[in-house]
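Dear colleague,

I am handing over the structure we spoke about, and my notes on what was found in it follow below. Please read them with the model open beside you.

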Amino acid sequence: MKLLDSEGYPEHLLPAASTYWPWLLWEIIKAGWSVTKAILKPGRSISPVMTRVVAGQHTSAGIATYANSITLTPGTITTGVKGNVLTVHALE
């Protein structure tokens with residue numbers, strides 16, 4: 001019946017996910033700490049910037065995952081995607 005296929009259950013991505021999720025969690029923690037320090041430190045100016053980031057991923061799913069990972073990180077949000085170029089709003 002082929003209830004499980006590579007799209008519905010992409011088991012071939014499990015080895016990569018075992019390193020991706022810990023890395024993403026660590027990046028979220030670091031960014032959260034950085035944003036917290038910027039907010040709580042008196043006299044420190046926070047300046048928002050818009051920047052473009054070129055994704056190294058080549059598939060639509062890979063680019064979407066990368067854009068969502070950026071948005072999960074405190075102080076950043078992906079505002080647009082055109083091809084593999086992401087527009088990102090971030091705190092500087």
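Leaving aside its neighbours within four places in sequence, with which residues is threonine 73 in contact? They are Glu27, Ile28 and Ala31, where contact means heavy atoms within 4.5 Å.

Before going further, please note that this is a predicted model, in which local features need pLDDT of at least 70 and side-chain atom pairs count only at pLDDT 80 or more, whereas totals for chains, interfaces and linings use all residues. Residues are numbered from 1 along each chain as its sequence is written, and side-chain values use heavy atoms, with hydrogens and water left out.

Threonine 73 itself sits in the loop between H2 and S2; the helices (H or I, at least four residues) and strands (E, at least two) are DSSP runs, numbered from the N terminus. With a relative accessible area of 16%, threonine 73 is buried, a term that stands for under 20% relative accessible area, while exposed stands for over 50% and partly exposed for what is in between (1.4 Å probe, protein chains only). A polar atom of the threonine 73 side chain lies 3.0 Å from the backbone oxygen of serine 69.

Gly62, Ile63, Ala67, Ser69 and Ile70 are buried in H2. Because they cover an arc of only 160° around the axis, they fall on the same side of H2; the arc is that of the directions from the helix axis to the C-beta atoms. Ser60, Ala61 and Leu72, on the other side of H2, are exposed. The buried residues of H2 pack against helix H1 (14–40), S2 and S3.

The strands can be described around S3. Strand S1 (residues 48–54) pairs with strand S3 (residues 85–91) in the antiparallel sense over seven bridges, and strand S2 (residues 76–82) pairs with S3, also in the antiparallel sense, over six bridges; two strands are taken to pair if DSSP finds at least two bridges between them. Leucine 86 in S3 is the bridge partner of valine 53, and valine 81 also stands opposite leucine 86, while the bridge partner of threonine 76 in S3 is alanine 90. S2 and S3 form a hairpin with two residues between them, and glycine 83 in the turn has a positive phi of about 70°.

Threonine 87, which lies in strand S3, counts as buried at 18% relative accessibility. Its side chain is joined to that of arginine 52 by a polar contact of 3.5 Å, a polar contact being a pair of N or O atoms within 3.5 Å, of which, within protein, one must be able to donate a hydrogen and the other to accept it, with residues adjacent in sequence counting only if both atoms are side-chain atoms. Leaving aside its neighbours within four places in sequence, threonine 87 is in contact with Met50, Thr51, Arg52, Ile77, Thr78, Thr79 and Gly80.

Leaving aside its neighbours within four places in sequence, valine 35 is in contact with Pro74, Gly75 and Leu91.

Finally, glycine 43 lies in the loop between H1 and S1 and is exposed at 85% relative accessibility. Its C-alpha atom is separated by 22 Å from that of histidine 89, 46 residues apart along the chain.
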